[in-house]
Amino acid sequence: MATTAQLFEEPFDADEYIERLAWRTPGGGSKGGAEAFDPKRLLEEFESHIEELKQLDEKIQRKVEKLEYQCHREAKEFAHKVQDLQRSNQVAFQHFQELDEHISYVATKVCHLGDQLEGVNTPRQRAVEAQRLMTYFNEFLDGDLRSDVFNNPDKIKEAADIIQKLHLIAQELPFDRFADVKAKIASKYHDLERQLIQEFTAAQRRGEIGRMREVAAVLLHFKGYAHCVDVYIKQCQEGAYLRNDVFEDTAVLCQKVNKQVGEVFSSPETVMAKLIQNIFENKLQAHVREKLDETRHSDVEQYLKNLYDLYTRTTTLATKLTEFNLGSDKHTFLSKLIKSIFSSYLESYIDMEREYLRTRGAMILQRYYDSKNHQKRPIGTGSIQELKERIRQRTNLPLGPSIDTHGETFLSPELVVNLLQETRHAFERCHKLSDPSDLPKNAYSIFLLLVEHLCVDHIDYALEIGLSAIPSSDAKNANLYFLDVVQQANSIFHLFDKQFNDQLMPLISSSPKLAECLHKKKEVIEQMEVKLDTGIDRTLNCMVGQMKHILATEQKKTDFRPEDENNVMIQYTTACSKVCAYVSRQVEHVRKSMDGKNVDTVLTELGIRFHRLIHEHLQQYSYSSMGGMLAICDVAEYRRCAKDFRVPLVLQLFDTLHALCNLLVVAPDNLKQVCSGEHLTNLDRNLLHAFVQLRVDYRSAKLGRHFS
């Protein structure tokens, strides 16, 4: 194997290198088995290869020494070259500094010479200009304008420059000696000014932007420059307002003019601002006055709509106009223009808004009650009414005659939507038209009107009528409509609460009026809840009274002491059947009328009263063995009915009552064991004893001994 430097390139593995060398040597590898292995031959090959490696190492070492020497020599040569370049660069830098100093010296001399020349030339130019002006002045003094510049229309620009300067000079001259010439110069001044404005107007009509720019530049030094701008603004608006939409026309006009004024005038922002001011103070103000003044006293609703629409469109237009260059403080400039148009209307806005809402709300309410052929009853206030309300809440006594509403709740979703719609529009107008400092106060005043019309005049009135229509608890076949009133009142109040959060809150959220609004809302809710609770309580009493009436008329004493103990064919009594049917209807009625946790709260209260009634009712009778079984069947049916309540407490009460009824039929010997059962073990023993006493065999079977 030839020994070269390439064999030792990375990655190099010494073991692999030895193995490859042994494998290539005849008799040195495993080929041919143990008999073919020749260690001497392998040793000789290794010794020979070691010699080759030594020779290769010497060869490579010589080459390395040669390269190192060559590198060292080239490094010295390069260092010498760098030193030479540094010396050359230093010399060049010195020459550059000398040249720079020389140039500065020459420049200083040139500037000094220029200043000297200017010092000589400026007085000379002034003298020439003064001589030229004196020549023209002499012509005015003689009254004969011979110069071509005053008689050639093509030289009007030069004539304007001369006459403008002569006009300034003439103003400094004494009037008594130069009155005539001053008048002639002034006449020529105004004549040229008029000609320039006419030329500008003609160029504008022809659309010659270049000529307009030239004439405007000349007129810039004349007093009539402002008049030139006025003429430009007036002519811009000719034919611009052909449609009925003055706001859109204004936006299009300003967009068009904005591109032109920069090419014509030296201060386009001033001209643009003057154009917009002219449009606001003439076109827009006249349009606003025409729209608002014709409806201000005849149709307040349309007036408020027009005011909101016009103000909104004007502010939107102003926002578009901020895209143009109108000077440094364009937002303040546009705000002042808007204020100048609407200030007289905005000052009285909130008073008209409140008056409109008050009138409109009263009309909506009256129109609804008229459609029902209903004359609103006055709701009493003061200490007497409060006393009656307290007595009614505590005793459930009907104070005053009961009103038959024929099922009418006197709550109208359509009326509510109309009132909320009017208020929503009022809040939108209030947000746009009110001064930021007055916004919370104005929004609060609108909210109070909503409370007055919706909560007091409509919901509260309906609750009062509903309370008056609730019959007494001993009324027979009473129609209970108060739950319908509750249902509709809840739905209406949800809408009221939504508008409070969506429309009112953003307007007052960061002001002290927020606390007042929340307090007022809480006060209204509490007043409504008191009347709702009172009405629901009295309605539940009526339900219980109706159940009591059914039991009193349908339940017979013989139901639980049948004459023929062996011939009882019914599963439960007629009274039980009718009571359960009535209760199921009322439970369904409550579920439709309530929402959320109120359903469980009312049904829990109804279930407790239902249980109390049945418990007291069962204690009025004595029971035979078969009668006790029938009582158990009745209670089982009552318990099935109680499941419809979906209230664990009510079902538990009827489970306990069912267990108590078992005491009516259990064998005397098992009585004590039953009393210790799961449902009865925690009950008062007097209650258990009272139920056992209802058995007809109480004395004969001596059942009292179990409780002694």
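The protein chain exposes about 41,800 Å², and carbon and sulfur atoms supply 51% of that area. Accessible areas here come from the Shrake-Rupley method with a 1.4 Å probe, and for residues only the protein chains shown count as cover. This is a predicted model: local features need pLDDT of at least 70, side-chain atom pairs count only at pLDDT 80 or more, and totals for chains, interfaces and linings use all residues. Residues are numbered from 1 along each chain as its sequence is written, and side-chain values use heavy atoms, with hydrogens and water left out.

Start with the fold. The chain has 23 helices and zero strands. Both are DSSP runs, numbered from the N terminus: helices are H or I with at least four residues, strands are E with at least two. Contacts (heavy atoms within 4.5 Å) come next. Of those with a separation of 6 or more, 75% join residues 24 or more positions apart.

Now look inside. Of the 708 residues, 39% are buried, meaning under 20% relative accessible area (1.4 Å probe, protein chains only). The largest nonpolar core has 163 residues. Such a core is a set of buried Ala, Val, Leu, Ile, Met, Phe, Trp, Tyr and Cys residues joined through side-chain atoms within 4.5 Å. Tyr232, Phe265, Ile276 and Met547 touch the most other members. Helix α15 (residues 439–469) gives the most to this core, with 16 residues. Met547 touches Val579, Tyr582, Val583, Leu606, Phe610 and Leu613, leaving aside residues up to four places away in sequence.

Finish at helix α23, residues 685–692. Its buried residues are Leu688, His689, Phe691 and Val692. Seen down the axis of α23, they fall within an arc of 160°, so they line one face of the helix. The arc is that of the directions from the helix axis to the C-beta atoms. Their cover includes α19, α21 and α22.

Definitions and conventions:
Buried means under 20% relative accessible area, exposed over 50%, partly exposed in between (1.4 Å probe, protein chains only).
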